[in-house]
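This briefing is intended to be read alongside the sequence and the coordinates shown below.

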Amino acid sequence: MNYLIKPASPSYKRRRRTRDIMKELLIGLYVLAVYAVGFQLFVFGWQRALRVLAIFVLATLTSLATEVIWGRMHESDFQKIMEKQFPLITPIIYAFTLPATTPFYIVMLGAFLATFFGKLVYGGFGQNIFNPALVGRVIIHLSFPTAMKPTVMIDGMTSATPASALASANWFYNHGYVFNVMDIVKGTYGGAIVETCVIPIIIVAICLSIRQIYDLRLSLSFLGTVAVIALFMGLVMGVNPVTNMAIHLCLGGLIFGAFFMASDPVTTPTSPFGKILFGIGMGFMTMLIRTKANYPEGVLISILIFNMLVPLFDGITMGRTDRNLIRRYILLVAAVALATIIICIIVSGFEPVAAFSMIGGVLS
Amino acid sequence: MGLLTGRIERHLISHKDITKDKPIIEMPAPDRIYIPLVCGMATDFDILVKAGDHVDIGTMIARRKSMDVPLYATVSGTVVGTEKRMHASRRPQNHIVIENDHKDTFVPIVDTSNVDECSREELFERMKLIGLMGMGGSGFPTYMKYTKTDNIDTILINGVECEPYITSDHVTMKLHTKALFDGLKLMMRIADAQNGIIAIKEGKVELQKILEREVFNHPNIDIAIVKDVYPMGWERHLIRTVTEKLYDKLPSEVGIIVNNATTAIALSYGLREGKPVTHRLVTVSGDIANPCNVHVRVGTPVHDILEYCDIHDEGDFYLISGGPMMGLSLRNDLFVISSYMNAITIKRVPEDESAPCMRCGYCTLHCPQNLQPVRIMNAEKLMDTDLLRKLDVESCINCGFCSFICPSRIEVTGYIQMAKRRLQIEARKQQTAQKRRESQKKEVKS
């Protein structure tokens with residue numbers, strides 16, 4: 001027997017490793033991808049389905065090629081890349097956010113940018129500041145605004161997708177909105193690939209969270225904040241609050257974003273309190289962009305903005321996590337309430353400056 | 001399980017079945033016995049014998065200077081002298097070497113007459129004389145817990161043994177049930193406590209049956225069955241689970257004294273028969289072909305035990321004194337068994353290497369002290385002592401849970417230990433600097 005020395009205890013490790021977690025996440029994503037392709041096949045025909053399949057394959061191949069070339073340059077073999085860099089996750093998530101009509105060269109360019117500028121330049125997996133898939137997605141979104149605008153066919157006419165139609169109405173549902181809520185939930189209108197599989201995403205996310213692949217705290221606080229804000233927004237604006245909430249949750253890839261992009265552990269705070277507060281912040285930012293920026297990509301940009309703020313949120317939760325619990329709960333509730341009030345004030349068109357100047361005018 | 005605090009405890013695959021029901025191997029005392037002059041972390045001992053002296057089992061051979069802890073010879077024979085050799089704490093320490101004459105002559109260490117009638121103070125003095133050290137692995141002098149017993153109302157016997165692989169407490173409790181209850185009753189008398197609780201893990205059906213049969217004869221003793229999770233054997237968590245009481249520093253704040261089950265058994269034998277702790281049941285387990293429980297003389301080198309149990313596996317191993325979660329790995333098998341060592345674990349060296357941290361926060365969710373190990377690790381890498389202090393590193397209990405849970409196989413606990421050491425060195429530096437400043441001031445004044 002030969003004895004080696006181990007500097008620190010313990011010498012006993014849990015079986016599950018990062019590799020296994022990523023494998024299960026990947027299986028979940030592939031199940032979703034198969035569903036998405038099948039859905040396109042049954043609803044829009046085989047040409048569209050092939051197109052979506054091609055988007056997934058092209059994104060994966062481009063991303064893999066980038067990783068392998070980079071790995072060659074840095075003397076890392078294929079096996080090591082697959083085990084340590086997990087190159088298959090990013091392109092799938094990235095491809096899900098694209099509209100089915102995206103030109104192929106843009107798909108490939110985005111996949112390259114996502115892998116290279118989102119992940120590799122920072123030093124690979126675990127070092128990136130931003131969610132890599134979103135980096136690629138946002139760059140091509142800003143570079144090719146017309147090509148990236150998704151369209152859907154309604155009664156033989158090309159029209160804007162439910163998300164962009166709602167975006168041009170500042171994201172609030174009114175009686176002129178032609179789309180049916182149940183069809184939006186089912187995804188039969190099309191749009192971005194993610195918007196066609198809302199229910200399967202929820203099912204897969206529940207399965208993955210039961211397997212403890214990721215922490216649901218962040219995703220649920222993100223979705224919950226958006227739901228609460230949308231509910232009160234509906235009340236303030238006098239539209240059906242429940243319908244407004246459902247539309248806000250289902251459109252713009254929010255559910256996919258909350259479960260698969262925002263909850264990426266690399267770019268989120270580590271403490272449970274930080275995660276929940278982070279989710280609330282992202283929900284608020286999403287609604288702010290949606291209501292004020294006339295823009296369907298609120299989820300993507302709010303996640304990217306909050307990725308930058310991770311050190312700030314880490315700084316809020318210092319020391320032990322079981323201290324000042326009551327104060328922390330109050331803070332969370334207050335954060336949701338404040339976010340709701342701010343968004344409601346904004347959508348109701350109440351202008352503080354005008355109000356102050358009015359008071360000023362009366363006084364003078 | 002809390003929304004903001006995480007889950008704290010978790011079931012581990014415990015591998016206890018491989019040694020639990022195996023017959024105990026009785027190992028004869030070796031020709032030479034080494035008694036380490038170590039008590040927990042302290043090594044300040046007065047040696048009371050010199051080379052050539054004859055000793056019997058129960059002859060006091062050393063006594064600790066600061067706290068009154070005597071050490072007894074565990075074999076009869078001749079003292080050879082002292083020797084510096086590797087100790088289980090990974091530091092070379094002084095050992096008293098005794099040449100065994102295999103006669104096992106015995107002198108009682110305490111007065112064993114009328115144990116049931118004598119006063120509380122008398123019992124306490126006798127307990128002090130036995131020189132018990134916490135036999136769960138800490139090596140803390142047991143009598144120290146009984147010095148202040150004004151508000152104590154409960155004695156909690158810790159028979160949880162939450163580390164994987166170890167079964168020595170389990171087997172000892174099964175074999176010496178009468179002594180366990182007797183020891184607990186003696187402890188209750190010394191502390192003037194009304195209640196006794198014996199805590200064991202769920203799933204130990206046989207042991208539970210034996211204890212439940214016995215508990216009928218003792219109206220003020222209860223058995224608490226706790227969940228099979230790590231770190232249930234940790235004092236604070238056990239008290240939190242069994243009595244739902246929280247305390248700041250010591251369990252005596254809430255009127256509880258916690259003792260290991262084997263300590264209670266040793267106390268019973270010590271007071272009734274005047275025996276020091278001469279034998280010890282040690283679990284030899286891990287990734288080896290024939291794991292077992294061995295009954296050995298205290299002071300036997302581990303090398304002899306492995307020879308006797310015929311443990312010869314091929315390959316690279318970690319040899320760990322104690323359980324795999326908190327035990328230290330040692331370079332060779334020359335260290336000896338002390339009275340508070342309950343296991344030797346031999347783990348095969350894993351082939352895989354660590355992956356980059358993905359900040360998943362599992363360590364934060366599982367830390368029983370609710371620390372944030374991943375952030376401590378990052379602060380330690382930056383050598384940021386202020387941040388380390390803010391993250392409250394010093395309340396870490398070294399349970400090893402963060403390293404265990406880490407899916408990237410990073411030695412988080414190692415980083416935390418380094419951080420603790422960094423803070424200690426920093427504090428010492430500040431102290432010396434202050435002293436220097438004060439002495440300079442004095443010089444200026446004079």
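In this predicted model, 75% of the contacts in chain A with a separation of 6 or more are accounted for by residues 24 or more positions apart. The secondary structure of chain A consists of 17 helices and three strands. Of the 364 residues in chain A, 55% are buried.

**Surface and nonpolar cores**

- Chain A has an accessible surface of about 15,600 Å², and carbon and sulfur atoms contribute 71% of that area.
- The largest nonpolar core contains 141 residues. The members that touch the most others are A:Leu29, A:Phe56, A:Phe96, A:Phe222, A:Phe256 and A:Phe260.
- Not counting residues up to four places away in sequence, A:Leu29 touches A:Ile89, A:Ile92, A:Ile93, A:Phe96, A:Phe256 and A:Phe260.
- Another core, of 62 residues, lies apart from the largest one, and its members include B:Val75, B:Met127, B:Tyr143 and B:Ala179.

- B:Asn94 is found in strand β8 of chain B, which covers residues 92-100.
- The relative accessible area of B:Asn94 is 34%; because buried means under 20% and exposed means over 50%, B:Asn94 is classed as partly exposed.
- Once neighbours within four places in sequence are left aside, the contacts of B:Asn94 are with B:Ile35, B:Pro36, B:Leu37, B:Glu83 and B:Lys84.
- B:Asp150 is 56 residues from B:Asn94 along the chain, and a distance of 38 Å separates their C-alpha atoms.

**The largest cavity**

- The model contains seven cavities of 30 Å³ or more. The largest cavity has a volume of about 320 Å³.
- The lining of the largest cavity comprises 23 residues, and those nearest its centre are A:Met22, A:Leu25, A:Ile89, A:Asp264 and A:Pro265.
- In chain A, α1 (18-44), α4 (89-96), α6 (132-143) and α12 (254-261) are the elements that give two or more residues to the lining of the largest cavity.
- By class, the lining of the largest cavity has 16 nonpolar, five polar and two charged residues.

- At least two lining residues of the second largest cavity come from each of β2 (32-36) and β6 (70-72) of chain B. The largest share, three residues, is supplied by β6(B).
- The lining of the second largest cavity divides into 13 nonpolar and four polar residues, with no charged residues.

**The second largest pocket**

- Of the 24 residues that line the second largest pocket, A:Asp322, B:Ile8, B:Arg240, B:Leu246 and B:Asn370 lie nearest its centre.
- Helix α6 of chain B (residues 235-242) provides the largest share of the lining of the second largest pocket, four residues.
- The lining of the second largest pocket has ten charged, eight polar and six nonpolar residues.

Terms used. Residues are numbered from 1 along each chain as its sequence is written. Chains are lettered from A and ligands numbered from 1 in the order in which they are written. This is a predicted model: local features need pLDDT of at least 70, side-chain atom pairs count only at pLDDT 80 or more; totals for chains, interfaces and linings use all residues. Side-chain values use heavy atoms; hydrogens and water are left out. Buried means under 20% relative accessible area, exposed over 50%, partly exposed in between (1.4 Å probe, protein chains only). Contact means heavy atoms within 4.5 Å. Accessible areas come from the Shrake-Rupley method with a 1.4 Å probe; for residues, only the protein chains shown count as cover. A nonpolar core is a set of buried Ala, Val, Leu, Ile, Met, Phe, Trp, Tyr and Cys residues joined through side-chain atoms within 4.5 Å. On a 1 Å grid over the protein atoms alone, a cavity is a set of points where a 1.4 Å probe fits but cannot get out, and a pocket is an open set with protein on both sides within 12 Å along at least five of seven lines; lining residues have an atom within 4 Å of a point. Grid points are joined across faces, edges and corners, and a volume is the space filled by probe spheres set on the points. Ala, Val, Leu, Ile, Met, Phe, Trp, Tyr, Cys and Pro count as nonpolar, Asp, Glu, Lys and Arg as charged, and the others, Gly among them, as polar.
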